[in-house]
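Subject: Structure handover

Hello,

Here is the structure for you to look through. My notes on it follow.

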Amino acid sequence: MSDVRARADAGDEPGSVEVSAEPVVRPLAVSGIVAAIWCAGLGLTTLTTVTLIGWIAAPRTALGTGLPGVFRTAVNFWLVSHHAGFSVPHGRVGLLPLGLTVLPGALLFRGGGWITRTGRVRGRYRIGVVHAALALAVPYAVLAFLLALLARSSVVSPSAWQALLACFLLALVAGGLGAARALVASTTKRSPWVAIFMLLPHRARSLAAGVTGAMTVLIASGLLIFLVSLLFHVSELADIYGVLGTGIVGGVLLTVVSITYLPNAAIWAVSYAVGPGFAVGAGTSVAPSGVFVGMIPSFPPLAALPSPGPAPLISLLALAVPFAAGVAGGVLTVRSLPTAVGEAAPLWGFVCGVLTGGVLAFLAALSGGPVGGDRMAVMGPSAWQVGLMAALEVGVSAAIAAWAANWLLLRRMPPADDDDAPVPAPAAAPAKVPDKVQFEDPEPVLATMEVPPPLPDGVTPIGERQRLLGVPRPRKETDSGSVSPLRKRPPRDRPR
């Protein structure tokens, strides 16, 4: 954003006006409040439009009575997009779509970048990113807390503390990433995402690369497993749409809602590949050891569930997914930062696997949750079981892959005392220092020295002696020809 100011130039003709666009620099807190209101308002506007379309197409009592009820429902959808649950008369709803988090996440990402461009972000990169993220997260969480209190009704009661915590964490992460990308994009020619990794220390950077690679393999494989299973159960999917009888507009909205649950389905498929599987109600289990389910809710993504009984043989191929993810994570960890000690490479590979298990456990906890009470109170995978098994499987394979990759890298490196090594080329001439030095930090703090103004003639500064012409200067001990003062010797004991 920019502020256009009009100012008259004294040297030009009377009446001429020069218009210049100058960036507005606001206090960081003000920029954070403006960005929080902008992100919340745009997200609410988008979800209110979708809710209004569904209210017109579906029975009007399903999404609220009257426009106030529609707006209250849109606020509940906005809180659900931040993964904040709500309560209904028959229990609590915590099985929320992770795909809907993309909407507020993208807006908060843009908001964090805008804060760094318009706010007074001071300090180095890491400190500036933290300040910008907090400036956005605090007012955003307070606004979500107030909306959760206003959206309560006798039918749906959103959790205010979940709204406060979930919105704060999402704004902190997404806004921090946006602020970091905006800061590094203006000071480097590299890819902004690569430059964000450069903000981390060396070992943390290598582990982050390994965990990112392992999680990419896991999530991509889980999504592929789900889509293949859904392809084998197309007839069950068509029966669900026929039973619901949604119509054209309702079918489109139901498909959109199903798409927002794709990340949940991918994580459930990864839980199946890791081993523990997941539950679709109390006393049920979908795992490689067998499928034990009862009555299944009529929801399109659940059509991909296998039939009760032994697990299909082709689905057992999914058990190789965590080991493939461990190989990718171990190789990326070592390639980012090889180690000269061969015994340390498997250790760092196993640490990468443990961190991957922790991330997967966190996602598994977010992907499940209750859908009311009684039997549907247990939905999704067990977070601690999935995290523990993933840490072991990914960690062991990552340790082996890291050791092998590090051994190959050390073998390709020429030895230090090789006589046949090529003679290095002569050193090039030193580069010429440019007139304008571009610092890596956005706002470097430089030490400055103020030069005092000259004193009038005949005035001697305090602490200095004025040198008069014709008056000899007294000699010092270090000058040649000077006589050093007598040193007092210690008394001697003379005999009497």
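The cover over the buried residues of α9 includes α8 (234-244) and α10 (262-274). Those buried residues of α9 are G251, L254, S258 and T260, where buried means under 20% relative accessible area with a 1.4 Å probe, protein chains only. Helix α9 itself covers residues 247-260, and its 14 residues should span 20 Å at 1.5 Å a residue; the end C-alpha atoms lie 20 Å apart, so the two agree. The expected span is 1.5 Å times one less than the number of residues.

This is a predicted model, in which local features need pLDDT of at least 70 and side-chain atom pairs count only at pLDDT 80 or more, while totals for chains, interfaces and linings use all residues. Residues are numbered from 1 along each chain as its sequence is written, and side-chain values use heavy atoms, without hydrogens and water.

For the whole protein chain, there are 13 helices and ten strands, taken as DSSP runs (H or I, at least four residues, for helices; E, at least two, for strands) and numbered from the N terminus. Of its 496 residues, 38% count as buried.

Helix α12 (residues 344-367) packs on helix α13 (residues 383-412) at an angle of about 155°, and their axes are 6 Å apart. The axes are lines fitted to C-alpha atoms over the stretch in contact (heavy atoms within 4.5 Å), with angles from 0 to 180 degrees between N-to-C directions. α12 and α13 are therefore roughly antiparallel, a term for angles over 145 degrees.

Regards

Terms used: Buried means under 20% relative accessible area, exposed over 50%, partly exposed in between (1.4 Å probe, protein chains only). Angles under 35 degrees count as roughly parallel, over 145 as roughly antiparallel, 65 to 115 as roughly perpendicular and the rest as oblique.
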